[in-house]
Amino acid sequence: MRGLPPYAGKLETTWYYGFRIFCALIFIFLVAPILVILPLSFNSLPYFTYPIEGFSWRWYYDFFNMCPTDQVVADFTAQFESGTISDNPCPKTSTNRWLNSVNNSIIVAVCSSIVACTLGTVAALGLSRGKFPGKSLVQAILISPMIVPLVITAVGLFFFYSSIDPGLRNFLEITGINSVTQFLFGGDIGVTNNLIGLIIAHATLGVPFVVITVTATLVSFDHNLVRASLSLGASQVRTFFSVTMPLVMPGIVSGGLFAFITSFDEVILVLFLAAPEDRTLPRQMFSGIREQLSPTIAAAATLLVILAIALMTSLELLRRRNERLRGMSPG
Amino acid sequence: MSTPTVDNESEIVTADGIPLRISIKRAERKRKIRAFGLIFPLFLFVLLFFVFPIVKLGLVSIDNSIVPDILVHSVVAIEEWDGNGLPPESVYAAMAKDLVEGKKNRTIGKVAKRLNFEKSGYRQLLISSARKSKRLNAPFKDALIQANKKWGEPAYWQILARENSPITFSYFFAALDLGINADGSIYMQPEEQSIYIEIFARTLVISAQVTIACLLLGFPIAYLMANLPARTSNLLIILVLLPFWISLLVRTTAWIVLLQDQGLINQTLQLIGVIDEPLGLIRNRIGVVVAMTHILLPFMTLPLFSVMKGINPSLMRAASSMGANPVQAFFQVYLPLTVAGIGAGGLLVFILSVGYYITPALVGGPQDIMASQLIDVQMNKQLNWNMASAIGVILLGITMVLFAIYNRLVGIDRMKLG
């Protein structure tokens, strides 16, 4: 595929262009559906179909539960009166469902990826230190949360949480931890119907990503650097933080980003484990799609696409920086 | 192992006088312990919050404690019955006692529901008899049969005799569409009553369809990317990875926008006059396969790409110089070299699609229900947690077999991301 040679026959030329057109169609298949949803978020009518009647920010106002400026309200009212739009011009709901769900999503995704990164990095260091009996089994168990169907994990955790929760609450009550957490968070700590249960569950899902990416970084890691550091008198902990960690950082960050997006995008565990007030953004979208397709979903989707592109760009920049540092690519 | 014997004097000794061999062994052991010490916290975490819950799911799938817990006396008494004719008076007396207690503790409803799963009619039998239980007098055999004729049918007692232990496999039999005869023999449910096997088979068929679709679309673009200059192929990889990073719900919603009756595809086709009526593209198999292929395509393309990048292009040139035409060269030289990538990508796509839930739930119709949705229905609609668990264990078994094959063929330590 290094360009078409000048002596190419008719058949070869047809094949060459035909193949490229076919591939272009596949790339359109990959990307176009994502682009299709974006304009719908600016539809002035509450429909989820094309053609778009007029441009409006109203679904974003709905999403952020903001009261628009006076000018926007006046515009909406004018549109409403002229019959261009048919319902409430400034939909301000008392319960802040969308923003609340974004809030929950961020808390859960950030906390669970921190847990997954910490435990996953340390474990990857252990895994890279050579063979020990049962290593492949341990590895398989650490990777399995990625493979096991989420519904199974969700149902299992549901049973597990509801069986340990009474005991756990009792324990916290007796030991007095409960009063401390009540003081700190203003609520009881347990694992059912609680963000903490969700954070733990999402952390197990993020673990395989961190283990895989950090292990991959450690493959090219020069262990002589650690030995050098230790021989120069640095402690184990100091060596880890000033020698090992900066070098495996790209692996940790990209694993962390994978863990973050996995948690941020996850619905099934939330469906089974979270209380109604602990809805996350994907959960809110899921019920939105099931109940009524309002363009607010398209607004949420647009924001998620922007987030995904931001995360991807940072990962790509990280990869390039890493390659430059290792001198693997000219630039 | 006949190593030449080395006498202790000539053995190499470290500074502190320990033979080098032992010293190395010690260091080695220390290293192993340290390695395990580093893995241990995560291992414990995954064990506690991932493996235990799944074990718990397995326990729920065989849990039958409700029957011996509530029908305390009957399950013991019925042990003495030989299974022929009707049980002796002692069993009836025990049942009468259990009914009185079950009524008093308000627990009879639970066991009634449990046994009704085995044989319909049991719920009505237990609940109506419990209501009359206070007025039952010895001899209990006649009294119970008078209260409800069904106590005179051996079939109901045979069920109790079979299900009197705290463990049962009847949920697994039900999930595999198997029935148990009175004499304990197992039979297949007739075609019109078997639902679960059909759904498991359908799950595998949909997964296979998605895997094939991913292969057909992933192979050409992986080939293109592997043979383009690095700068262009890096750009295309970003295009392949983009859907991977975008929320599953966004992508599923996008397919709803495209495929629905007033969707973009139907509107366009109607506009250019190809069709008069909208084509049914959503709430059926087409929608499910298309949307799932879109979501899982990166998992196929990336392993294929990394394998194809390693194929030496001169091999194809060698094939043509030896007189193979392009088709022959492709099938006899190139394709066999990509088998590892096809295996890795195909298995990964297949494993992931077997457990799919969100996409079939949102774009599929009632004819496309997959195994994961079945678990949700049993869990949240039928409220039969044991049955949900049994289906879960079967689905887990299928996934684990596939994962073991993947581990054999590809190796989990070679799994890469991005």
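The structure is a predicted model, in which local features require pLDDT of at least 70 and side-chain atom pairs count only at pLDDT 80 or more, whereas totals for chains, interfaces and linings use all residues. Residues are numbered from 1 along each chain as its sequence is written, chains are lettered from A and ligands numbered from 1 in the order in which they are written, and side-chain values use heavy atoms, with hydrogens and water left out.

Chain A contributes 90 residues and chain B 85 residues to the contact between them, contact being defined as heavy atoms within 4.5 Å. About 8200 Å² is buried between chain A and chain B, and carbon and sulfur atoms give 84% of this area. Buried area is the accessible area (1.4 Å probe) that two parts lose on being put together, summed over both. Between chain A and chain B there are 0 salt bridges, a salt bridge being a side-chain nitrogen of Lys or Arg within 4 Å of a carboxyl oxygen of Asp or Glu.

Two packed helices are described by the angle between their axes and the distance between the axes. Axes are lines fitted to C-alpha atoms, for helices over the stretch in contact, with angles running from 0 to 180 degrees between N-to-C directions. Helices (H or I, at least four residues) and strands (E, at least two) are DSSP runs numbered from the N terminus.

The axes of helix 6 of chain A and helix 1 of chain B come within 7 Å and cross at roughly 90°. These two helices are therefore roughly perpendicular to each other; angles under 35 degrees count as roughly parallel, over 145 as roughly antiparallel, 65 to 115 as roughly perpendicular and the rest as oblique. Residues in this contact include Phe159(A), Phe160(A) and Tyr161(A) of helix 6 of chain A, and Phe49(B), Phe50(B) and Lys56(B) of helix 1 of chain B. By class, the contact of helix 6 of chain A with helix 1 of chain B has 14 nonpolar, 3 polar and 1 charged residues. Here Ala, Val, Leu, Ile, Met, Phe, Trp, Tyr, Cys and Pro count as nonpolar, Asp, Glu, Lys and Arg as charged, and the others, Gly among them, as polar.

Helix 1 of chain B (residues 20–62) also packs with helix 5 of chain A (residues 135–143), their axes coming within 10 Å and crossing at roughly 55°. That angle makes helix 5 of chain A oblique to helix 1 of chain B. Val138(A), Ile141(A) and Leu142(A) meet Ile39(B), Leu42(B), Phe43(B), Val46(B) and Val51(B), and this contact has 8 nonpolar, no polar and no charged residues.

Within chain A, the axes of helix 6 (residues 150–175) and helix 8 (residues 195–219) come within 12 Å and cross at roughly 140°. Helix 6 and helix 8 of chain A are therefore oblique to each other. Leu150(A), Leu157(A) and Tyr161(A) of helix 6 meet Gly197(A), Ile200(A), Ala201(A) and Leu205(A) of helix 8.

Over all chains, the count comes to 7 salt bridges. Glu28(B) forms one with Arg31(B), the closest N and O atoms being 3.4 Å apart. Both residues lie in helix 1 of chain B, 3 residues apart, about one turn of the helix.

In chain B, the peptide bond from Ala138(B) to Pro139(B) is cis, with omega near -5°. Pro139(B) lies in the loop between helix 6 (122–132) and helix 7 (140–147) of chain B. Asp177(B), although not a glycine, has a positive phi of about 60°.
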